[in-house]
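The following explanation is intended to be read alongside the sequence and the coordinates. Please keep both in view while working through the paragraphs.

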Amino acid sequence: MQKRNEVRIAGLGGQGVVLAGKILGRAAVHDGKRVVQTQSYGAEARGSAAKSEVIIADERIGFPKVRKCDVLVAMSQNALDKYLKDLKEDGTLLVDESMVREVPEIKARVFNVPATKMAETKLKLKICANMIMLGALVKATGMVSQEAVEKAITQSVLDKAQKVNIQGFRIGLELVKQ
Amino acid sequence: MTGKTSATHFWQGNEACAEATIAAGCRFFAGYPITPASEIFEHLARRLPQAGGITIQMEDEIASIGAVIGASWAGAKAMTATSGPGFSLMQELIGYAFMTETPCVVVDVQRAGPSTGQATKAGQGDVMQARWGTHGDYTSIALSPNSVQEMFDLTIRAFNLAETYRTPVVLLADEVVAHMREQAVIPPSNQIKITNRKKPKPTDKAFFNGEDIAPMPSVGEGYNVPVTGSTHNEHGYRFTADRTVHEKLVKNLIRKIRDNAGKIVDYESLNVDDCDVGVVSFGCTSRAIHETIELAKKKGLTVGSVRLKTIWPFPEEAVRNMAKNVKVIVVPELNMREMFYEVERVVHGAVPVVPLNKIGGGEMITPEELLAEIARSVKKVD
């Protein structure tokens with residue numbers, strides 16, 4: 001793993017991009033890394049653009065916002081269009097293909113993940129698409145350990161929602177073939 | 001959350017502030033929800049009752065600060081938390097707290113204003129409001145955290161300063177610092193220094209306006225204490241026309257902070273003895289400084305930094321000293337020039353002071369942008 005990983009998870013308010021970032025950050029803490037997680041969302045509760053950023057490093061982190069990202073998770077077409085320019089050439093792009101029509105030709109590694117569709121069909125819970133994307137991210141990058149993420153999920157969601165979120169995370173892991 | 005051993009938490013800034021509130025001994029919170037400060041309220045709604053305290057939602061921000069002042073006079077350490085629009089509404093009663101020498105803490109998590117502005121986006125436009133927000137003559141204390149760790153540490157300090165100097169203290173945070181999550185190391189509870197207000201002896205009769213900070217009784221303790229925002233003498237009796245009583249009262253309100261500025265002022269210096277360019281920054285904006293110094297080195301520029309942890313009283317000496325060693329000082333901030341004027345006042349023409357301002361959208365000033373301004377400024381003075 002490189003010394004510093006910068007991740008941006010972007011989509012729409014209500015998709016849980018902030019929660020996904022929070023869980024990723026907490027997992028990296030369990031793995032012994034330094035972490036800063038920030039977020040940006042609109043004044044509306046749902047539907048406006050939302051993003052969450054996580055910087056994971058071995059040393060203290062100064063500037064807390066992502067400028068060029070190693071990993072971009074796009075959960076809406078708008079998010080992809082807006083942030084693709086900030087993805088490093090050798091970076092990793094994960095798109096929720098249920099929410100994104102078009103992915104341009106790029107040099108970065110691209111993973112198309114049917115997250116929202118799988119959340120609806122397998123979990124009967126569309127809002128778990130964020131955990132499926134998180135699972136795909138972890139499998140594709142190895143950025144944090146799977147155990148650390150599952151521990152972070154149990155710490156970050158209500159008891160009654162833990163099982164379905166972990167299920168979603170594991171579906172995401174399986175969707176990415178290394 | 002404080003215990004017998006130190007512990008590392010992955011907290012949001014607002015959560016760290018709320019936990020520090022409890023650790024500092026605060027047992028009363030009154031507030032009205034507002035982005036980006038609401039998490040402090042939410043967290044305390046759950047946690048303060050567990051610690052034997054009260055969290056109450058009032059009908060608005062004016063009532064919130066009123067309840068806080070009342071709770072403080074009832075003997076509790078008390079706090080409210082808000083953002084720009086709520087901070088504006090509170091100003092009249094913050095003045096009452098100054099005048100009645102009521103210890104309390106007001107958290108202002110700054111967002112982009114004026115008015116409702118951009119509720120979810122960071123700003124640093126309340127610097128002068130934290131200094132001059134209410135009317136009349138007084139001087140204020142405002143602290144500026146730049147990390148989740150400092151949202152904890154400076155909240156504790158805010159309570160200690162409020163209790164020591166019997167004055168409202170503002171924790172001037174911003175959306176970035178309040179909403180970000182990062183590690184914070186929380187010391188064991190017996191290593192957290194807590195200050196409590198001086199209480200009167202049974203024979204005491206003077207409760208205001210002392211040469212030293214006067215002892216503060218609580219209601220119900222049997223002391224005869226009128227508490228009024230009108231001009232009053234040391235017993236609390238009103239003198240609404242007498243020049244000398246008013247002058248003594250107001251001068252003492254100012255003096256107790258100004259004379260102790262050396263003990264209150266806190267800042268972090270980096271590289272100041274050996275640099276071409278100085279940067280004065282605070283809050284989230286100061287998070288760019290370490291990387292800027294490194295980037296500048298590669299360009300052959302040496303950059304020093306004074307990062308303000310108290311913005312009021314302003315760390316005048318630190319900035320003045322830096323001005324002796326540098327060719328130019330750059331002041332980055334997320335507003336249209338506030339701290340800039342204060343730096344210019346203190347530097348007093350010794351070297352040029354250059355503003356770097358950015359507002360809206362919650363965007364921060366990046367190390368690259370700060371470096372570009374530094375390079376431009378050096379070129380201009382060389």
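This is a predicted model: local features need pLDDT of at least 70, side-chain atom pairs count only at pLDDT 80 or more; totals for chains, interfaces and linings use all residues.

Chain B comprises 13 helices and 15 strands. The C-alpha trace of chain B extends over about 70 × 50 × 40 Å along its principal axes. Of the 382 residues in chain B, 60% are buried. Among the contacts in chain B with a separation of 6 or more, 76% are made by residues 24 or more positions apart. The accessible surface of chain B amounts to about 15000 Å², and carbon and sulfur atoms contribute 52% of that area.

The charged pairs come next. Side chains of opposite charge can pair when their charged atoms come close. Over all chains, the whole structure contains 31 salt bridges. One of the salt bridges joins B:Arg287 to B:Glu182, with an N to O distance of 3.0 Å. B:Arg287 belongs to the loop between strand E11 (277-282) and helix H10 (289-298) of chain B, whereas B:Glu182 belongs to strand E9 (residues 181-186) of chain B; the pair therefore ties together parts that are 105 residues apart in sequence. Both B:Arg287 and B:Glu182 are buried.

Two further salt bridges are found within helices. B:Glu247 and B:Lys251 meet through their side chains at 3.3 Å, N to O, in a salt bridge. These two residues are separated by about one helical turn because they stand 4 residues apart in helix H8 (residues 243-258) of chain B. B:Glu247 is partly exposed, at 30% relative accessibility, while B:Lys251 has 52% relative accessibility and so counts as exposed, the cut-off being over 50%.

In helix H12 (residues 339-347) of chain B, B:Arg345 and B:Glu342 are 3 residues apart, about one turn of the helix. B:Arg345 forms a salt bridge with B:Glu342, and their closest N and O atoms are 2.7 Å apart.

Over all chains, the structure has 7 aromatic pairs. One of them is the tilted pair of B:Phe98 and B:Tyr138, whose ring centres are 4.6 Å apart and whose planes make an angle of 35°. B:Phe98 lies in helix H4 (residues 84-99) of chain B, and B:Tyr138 lies in the loop between helix H5 (127-132) and strand E7 (141-143) of chain B, so the pair ties together parts that are 40 residues apart in sequence. B:Phe98 is buried, at 9% relative accessible area, and B:Tyr138 is buried as well, at 5%.

The pair of B:Phe207 and B:Tyr223 is edge-to-face, with 5.4 Å from centre to centre and 75° between the planes. B:Phe207 and B:Tyr223 are each located in the loop between E9 and H8 of chain B, so this pair ties together parts that are 16 residues apart in sequence. B:Phe207 is buried, with a relative accessible area of 2%, whereas B:Tyr223 is partly exposed, with 22%.

Aromatic rings also receive charged groups. The charged end of B:Arg131 is placed over the ring of B:Trp132, at 3.6 Å from the ring centre. B:Arg337 lies over the face of B:Phe340, with 5.3 Å to the ring centre.

B:Thr195 is situated in the loop between E9 and H8 of chain B. At 18% relative accessibility, B:Thr195 counts as buried because the cut-off is under 20%. Which residues does B:Thr195 contact, leaving aside its neighbours within four places in sequence? The contacts of B:Thr195 are with B:Lys77, B:Asn160, B:Glu163 and B:Thr164.

Conventions: Residues are numbered from 1 along each chain as its sequence is written. Chains are lettered from A and ligands numbered from 1 in the order in which they are written. Side-chain values use heavy atoms; hydrogens and water are left out. A salt bridge is a side-chain nitrogen of Lys or Arg within 4 Å of a carboxyl oxygen of Asp or Glu. Buried means under 20% relative accessible area, exposed over 50%, partly exposed in between (1.4 Å probe, protein chains only). Rings of Phe, Tyr and Trp (its six-membered ring) pair if their centres lie within 6.5 Å; planes under 30 degrees apart count as stacked, over 60 as edge-to-face and the rest as tilted. A charge sits over a ring if NZ of Lys or CZ of Arg is within 6 Å of the ring centre and within 35 degrees of the ring normal. Contact means heavy atoms within 4.5 Å. Accessible areas come from the Shrake-Rupley method with a 1.4 Å probe; for residues, only the protein chains shown count as cover.
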